[in-house]
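Please look at the sequence and structure first.

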Amino acid sequence: MSRSVFSRFAAALLALFFVLLAAGPFAARADAPTLEDTLDDVRRLEALAEDWAGEHPSSDPVELVVNYLCGARYDDPLWSLVLGGENQEFNDWAEQSDGSLASLRSLKNVTLPTGETVDFLHLVAAAGAGYGYGIPQIICTWGGDCVQLAASVRGMSQDAAACYEALSASFAAADGTGYFPLSDWLADLDGVALGQRLLAGKALSDAMEDYYAALAEAADPAAVRSEEFVALQFGGADTGDAETFRALVWDTFFTDAGVQLYLLANEYAGVNDENQTAINADMQAPLEAACMLVADRLAADLDGAVVDPPAATPAPDSGSSAAGQETAPPEATPAPEEAEGLWAAVQRQPGILLAAMGVLAAAFAAVLAALWRISRR
């Protein structure tokens with residue numbers, strides 16, 4: 001096997017990470033247990049994570065839980081860019097302490113108190129991305145799913161309206177089929193909301209229980225979840241102004257550094273003479289159509305309502321436990337200043353990130369090549 005093949009393989013792994021993070025829609029879907037039963041298991045895992053963190057002060061219980069749950073599905077070294085990667089010592093200890101927890105790592109859909117089903121590990125990954133700051137959350141939620149959906153009609157037409165019609169049946173499909181089924185759409189919206197609750201100091205199980213209990217009590221759960229999502233992801237908007245809202249969704253999508261990285265890594269975009277990300281002609285209309293579908297679905301759920309910016313949320317007390325803290329409604333929480341500077345630089349000069357990707361791929365390829373040579377001895 002040539003070194004060039006190894007290089008291509010390493011680059012493909014980078015793209016595969018984001019594809020996996022979008023939670024492939026054609027995975028086999030078993031009968032969905034209830035969220036209530038699932039959270040009983042998650043609480044046992046959280047208790048173990050708290051115990052472990054008590055003995056290992058550098059550990060974060062939320063990170064331990066999220067990485068334990070998602071590590072088997074998102075089996076890629078680049079998961080560490082999102083939340084820090086699995087702690088194998090904790091994983092082994094947790095399974096020795098409670099072997100039944102291992103089934104959580106292969107869980108697919110769960111049934112929500114609202115009667116819907118959601119891809120549980122996709123939901124946890126989305127919430128964890130919002131908590132971790134490793135990569136902007138958009139690519140780990142609706143942005144990644146939009147790219148997958150758009151790629152299914154790549155090159156079909158350069159007319160966004162034609163692509164919109166072609167993609168409509170696959171978008172948020174209730175029967176679980178297509179590249180962007182309803183179970184993924186719910187994971188995207190709810191994952192954003194849950195990520196903010198994690199940042200506000202709640203444990204994952206408490207955040208889920210409280211959030212879904214409120215949805216179940218709401219007269220219109222779709223409107224409630226969409227209102228919070230629009231506030232958090234877009235800073236509020238007039239969803240009744242269709243063209244302006246579509247433009248806002250598109251701008252939020254395309255200016256996201258994680259989205260640009262994914263597009264570049266998959267060769268859906270390149271870098272132009274101004275060193276800016278330029279979408280390929282065969283993907284421009286499909287991507288616009290996917291974002292139009294997102295905007296229109298949110299607007300329909302909200303009946304064109306005006307959504308205000310998120311309310312301010314007080315930071316959790318430094319000495320309080322994350323698991324038992326009450327918080328106000330969440331706000332959109334910015335990444336730390338150093339992370340903002342990094343992603344701002346990437347958005348201005350995506351070639352910087354592309355070069356870094358090349359270095360990473362080359363280094364990874366060198367390791368693979370060395371291992372291959374050893375195996376041939």
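## Cysteines

A search of the whole structure finds zero disulfides (cysteine sulfur pairs within 2.5 Å). Cysteine 140 is buried, at a relative accessible area of 1%. Cysteine 163 is buried too, at 0%. Buried means under 20% relative accessible area, with a 1.4 Å probe and protein chains only.

## Basis

This is a predicted model: local features need pLDDT of at least 70, side-chain atom pairs count only at pLDDT 80 or more, and totals for chains, interfaces and linings use all residues. Residues are numbered from 1 along each chain as its sequence is written, and side-chain values use heavy atoms, without hydrogens and water.

## H8 against H15

Helix H8 (residues 142-151) and helix H15 (residues 281-301) cross at roughly 130°, and their axes come within 8 Å. Helices are DSSP runs (H or I, at least four residues), numbered from the N terminus. Axes are lines fitted to C-alpha atoms over the stretch in contact, and angles run from 0 to 180 degrees between N-to-C directions.

Contact means heavy atoms within 4.5 Å. On the H8 side, the contact residues include Trp142, Cys146 and Leu149. On the H15 side, they include Met283, Pro286 and Cys291. The contact of H8 with H15 has 13 nonpolar, no polar and no charged residues. Nonpolar covers Ala, Val, Leu, Ile, Met, Phe, Trp, Tyr, Cys and Pro; charged covers Asp, Glu, Lys and Arg; the others, Gly among them, are polar.

## H10 against H15

Helix H10 (residues 182-199) packs on H15 at about 75°, with the axes 13 Å apart. H10 and H15 are therefore roughly perpendicular. Leu182, Trp185 and Leu189 of H10 meet Val294, Arg297 and Leu298 of H15. This contact of H10 with H15 has five nonpolar, no polar and one charged residues.

Definitions and conventions
Helix = DSSP H or I, 4+ residues; strand = E, 2+ residues; numbered from the N terminus. Buried < 20%, exposed > 50% of the residue type's maximum accessible area, 1.4 Å probe, protein only. Parallel < 35°, antiparallel > 145°, perpendicular 65-115°, else oblique.
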